[in-house]
Amino acid sequence: MTVGLAAATSRETIGARVVLVPVGSTEQHGPHLPLETDTLIATAVAEAVARRLGGPGEGVWVAPALSYGSSGEHQSFPGTTSIGTEALRFVVVELVRSLRTWVDRVVLVNAHGGNLVALRGAVDQLVGEGHAVQWVACATEEVDLHAGRTETSLLLHLAPHLVRLEMAEAGDCRPLSEILPTLVRGGVAAVSANGVLGDPTGATGDEGRTVLEAMVSDITGRLAAVLP
């Protein structure tokens with residue numbers, strides 16, 4: 001089932017109930033994962049949720065992903081391309097305002113923690129303007145924080161050809177509470193020379209499938225409860 005909004009015609013979107021917008025990033029994910037890791041995860045989750053909610057037949061679509069986010073904490077690493085918090089907040093506000101002229105609800109499916117300030121600010125403003133909009137998280141931080149076992153497993157499931165597993169190596173494995181002050185002051189490079197927060201050792205595609213299923217089920221359940 002094709003759920004992508006970009007491939008639809010204008011007429012096919014008449015009566016749309018929900019548009020899910022994947023929100024990712026283009027940023028370093030250690031020596032072994034692609035810059036588009038967060039965007040791939042957000043898109044996969046959004047597409048799976050849309051299918052479970054009935055897809056276009058039920059007026060549920062997935063918009064093209066926002067692939068540039070707020071990634072200043074990774075800017076010391078080549079390849080990272082960030083638009084910052086204020087620009088992302090502005091883009092989200094304008095995007096949702098546009099979408100809401102023809103769709104009942106917009107759901108922002110976020111897979112990068114650095115986007116949270118922008119998304120919270122944008123959603124608060126939009127709700128205040130009377131828009132039906134919310135953001136949901138693709139939570140990948142239960143095991144490790146960044147480019148570790150969880151994200152590596154997800155990519156081994158979603159796009160194994162993009163994973164340079166032979167280059168995978170552990171980074172800083174301390175909990176966020178311990179590294180946060182240094183990370184805030186100096187970015188990820190201040191705590192991890194290779195950009196990894198966690199350990200990809202043991203990552204498997206099967207584990208990635210399980211993690212994806214948990215995220216999709218969680219978000220689907222929450223949206224089903226608020227959709228008409």
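**From value to term**

Reply: Of the 228 residues of the chain, 48% count as buried, where buried means under 20% relative accessible area, exposed over 50% and partly exposed in between, with a 1.4 Å probe and protein chains only. This is a predicted model, in which local features need pLDDT of at least 70, side-chain atom pairs count only at pLDDT 80 or more, and totals for chains, interfaces and linings use all residues. Residues are numbered from 1 along each chain as its sequence is written, and side-chain values use heavy atoms, with hydrogens and water left out.

Me: What makes the chain as compact as a globular protein of its length?

Reply: First, the secondary structure comes to six helices and four strands; these are DSSP runs numbered from the N terminus, with helices being H or I of at least four residues and strands E of at least two. Along the sequence they follow the pattern β-α-β-α-β-α-β-α-α-α. The radius of gyration is 17 Å, close to the 17 Å that the globule rule gives for 228 residues, so the chain is as compact as a globular protein of that length. The radius is taken over C-alpha atoms, and the rule is 2.2 Å times the number of residues to the power 0.38.

Me: Why is L119 called buried?

Reply: L119 has 0% relative accessibility, so it counts as buried. This residue lies in helix 3 (residues 116-128). Not counting residues up to four places away in sequence, L119 touches V92, L108, N110 and W135; contact means heavy atoms within 4.5 Å.

Me: Why is helix 4 described as largely enclosed by the rest of the structure?

Reply: Seven of the 10 residues of helix 4 (residues 149-158) are buried, so this helix is largely enclosed by the rest of the structure. The buried residues are T150, E151, T152, S153, L154, L155 and L156. Their cover includes helix 1 (37-52) and helix 6 (205-224).

Me: Why is P175 called partly exposed?

Reply: P175 has a relative accessibility of 45%, so it counts as partly exposed. P175 is placed in the loop between helix 4 and helix 5 (176-186). The C-alpha atoms of P175 and L145 are separated by 8.2 Å, although these residues are 30 apart along the chain.

Me: What share of contacts between residues at least 6 apart in sequence joins residues at least 24 apart?

Reply: Among such contacts in the chain, 79% join residues at least 24 apart.
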